[in-house]
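Hi everyone, thanks for coming.

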Amino acid sequence: MPYIADVKHNSMQTANLQLEQIQNFKGKYPRQLWYLFFSEMWERFSFYGMRGMLTFFMVNQLMMKENVANLQYGATQAFVYAFTFIGGLFADKILGFRKSLFWGGLLMIIGSIILAIDPVKFFFLGISFNIIGTGFFKPNISTMVGSLYKTGDVRRDAGFSLFYSGINIGALFGGYACIAIGKGNLLGGIVAEGLRWNVAFGLAAIVMTISLLTFINTKKSLGPIGLPPATVTEGGKKWYEYSVYIGALVAIPFIMAMVANTEYTDWFMYIIGPFSLIYLAYEMTKYSAAEVKKLVAALLFILFSVVFWAIFEQAGGSLSLFAANNLNNKLLGVIELDPNGVNNAANSLFVIIFAPIIGIIWIAMAKKKIEPNTVVKFGLGFLFLGFAFYTFYATRLFADMQGVVSLDIFTLAYFIVTLGELCLSPIGLSIMTKLSPARLQGLMMGMWFLASAYGQYVAGLFGASIVSNIENASKMDKLISYTEGYKQFALYAVISGIVLIVISPLIRKLMQEVK
């Protein structure tokens, strides 16, 4: 027994030494960040490629009505992000981040292959595999990025910003390529018309495989980061791990039923939110008053983010149909582009270009001691989002007699959306890890994505509510209906931003020393 204890003690020392070596990296970024960057980049290519196809595919291939497609989109995306909460929980308690990521990636590959075989016949089956797979994959790779840094390391935000650019590089190419292939505007002369959607979904499977292979080949450099909890590996509880795998597969037919019937989605969302809050309250009882205050601050960020994503995520729902129905295909009058591809990719392109510039602006303001704090940045994100949706509304002022509007004004609106996102989202990922105790980081990252689930769910409701009620509506009817809705969403965003800025001193007190 003493020998076993010594072995455990020595292995723990080795793990701690490895972690210390990783966190004491020289320069701006740890090398492990680049490995996670590329794995996430390819996974996001797959995810945003799928996301960009969903609503258009449901209307044009599954022949759903536009309001139904918006609800289905909201339900599908809500489950994707809700399962990130569950995936984060299982990673924290049983699998560890590495095994969770591998299992999630494998499920996503299977789901994409199923869709590539017959996207019409197996649509909900393939989507269900992808929902559960994303839940296991997404929150855990973000948490591993946070683990590369010591508490208080000022380079953490820069690391998350780089990681965030990887997300957007994948989203840029995946968002444009998959929908353009499916519609025949990319590789149309090579891919037979009857196979275009098969190839589009198949491309998502290929890049997801690249993502998983990238992670497998580089995980040895992560030291102890992402390993299963010692209570599982040393406690003879291997069956816990197998139970998670079996449970995920058993859940697939239930997910299929709930996604296909949005009434079931309503009930799921009514349950998962209150349950997560109750569980978080229970976990809070194990921590000090100072730690609880930080968790309350994190929760306020999470609640406001629901509103942000409900408006922002019109991109995959109503704006996808708006792009298909009401946009011309000429950018700056000469560049011919697929309007849906622009809808999916413009935001990501602007993030890649302007994220470094915004970062330089924050640094310059910090040197002059005029940089807004994290809470005010969140508020600014809402204000930019509001101005963006007023710009989407303004596209109607440039419509022709058929109700077709300028791709230029639409793209300008996405530029403003991006400014709002850059004030909120990369900071949000980082602040969850800063405000959360180490043992709750997976859970809190999951709750951050759960907020996105509620945002997606409400986005579907919002999108369905602004569809024209006119049977066989003309493009002009649709233009008026959608843009009136965007004006209302803009008002919601502006009000939220003002409220957040007003209460920022209170939230700052809860955050204590966290910047």
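I'll go through aromatic pairs, then a few helices, and finish with some individual residues.

One thing before we start: what you're looking at is a predicted model, so please keep that in mind throughout.

Let's begin with the rings. Take Phe 275 and Tyr 279, which form a stacked pair, with 6.4 Å centre to centre and 25° between the planes. Planes under 30 degrees apart count as stacked, so this pair qualifies. Both residues belong to helix α9, which runs over residues 262-284, and because they are four residues apart there, about one helical turn separates them. As a reminder, an α-helix has 3.6 residues a turn, so residues three or four places apart point the same way.

Phe 350 is buried, with 15% relative accessibility, and Phe 415 is partly exposed, with a relative accessible area of 24%.

Look at Arg 155, which lies over the face of Phe 25, at 3.8 Å from the ring centre. Then there is Lys 377, whose charged end sits over the ring of Trp 362, 4.3 Å from the centre of that ring.

What happens at the start of α12? A side-chain oxygen of Asp 338 comes to within 2.8 Å of the backbone nitrogen of Asn 340. Moving along, α12 has a kink of about 45°, centred on Ala 345. How does its length work out? The helix has 29 residues, and at 1.5 Å a residue they should span 42 Å; the end C-alpha atoms are 41 Å apart, so the two agree. After α12 comes Lys 369, which has a positive phi, near 60°.

Ser 348 also has its place in helix α12. Ser 348 is buried, with a relative accessible area of 4%. Which residues is Ser 348 in contact with, leaving aside neighbours within four places in sequence? They are Asn 168, Ala 171 and Leu 172.

That brings us to α5, residues 156-183. This helix is mostly covered, with 21 of its 28 residues buried. Its 28 residues should span 40 Å at 1.5 Å a residue, and the end C-alpha atoms are 41 Å apart, which agrees. What follows α5? Gly 184 does, with a positive phi near 90°.

Positive phi also turns up in residues other than glycine. Leu 187 has phi near 60°, and this residue is in the loop between α5 and α6. Leu 187 is partly exposed, at 40% relative accessibility. Leu 332 likewise has a positive phi near 60°, in the loop between β1 (330-331) and β2 (335-336). Leu 332 is exposed, with a relative accessible area of 63%.

Last stop: Ser 147, in helix α4, residues 123-147. Ser 147 is buried, with 19% relative accessible area. Not counting residues up to four places away in sequence, Ser 147 touches Leu 19, Gln 23 and Ile 225. How far apart are the C-alpha atoms of Ser 147 and Thr 433? They are separated by 8.7 Å, although the two residues are 286 residues apart along the chain.

Note on methods. Residues numbered from 1 in each chain as written. Predicted model: local features only at pLDDT ≥ 70, side-chain atom pairs only at ≥ 80, totals over all residues. Heavy atoms only, no water. Phe/Tyr/Trp six-rings, centres within 6.5 Å; stacked < 30°, edge-to-face > 60°. Helix = DSSP H or I, 4+ residues; strand = E, 2+ residues; numbered from the N terminus. Buried < 20%, exposed > 50% of the residue type's maximum accessible area, 1.4 Å probe, protein only. Lys NZ or Arg CZ within 6 Å of the ring centre and 35° of its normal. Expected span 1.5 Å × (residues − 1). Bend = angle between axes of the 7 residues up to and from the residue. Polar contact = N/O pair within 3.5 Å; in protein donor to acceptor, adjacent residues only side chain to side chain. Contact = heavy atoms within 4.5 Å.
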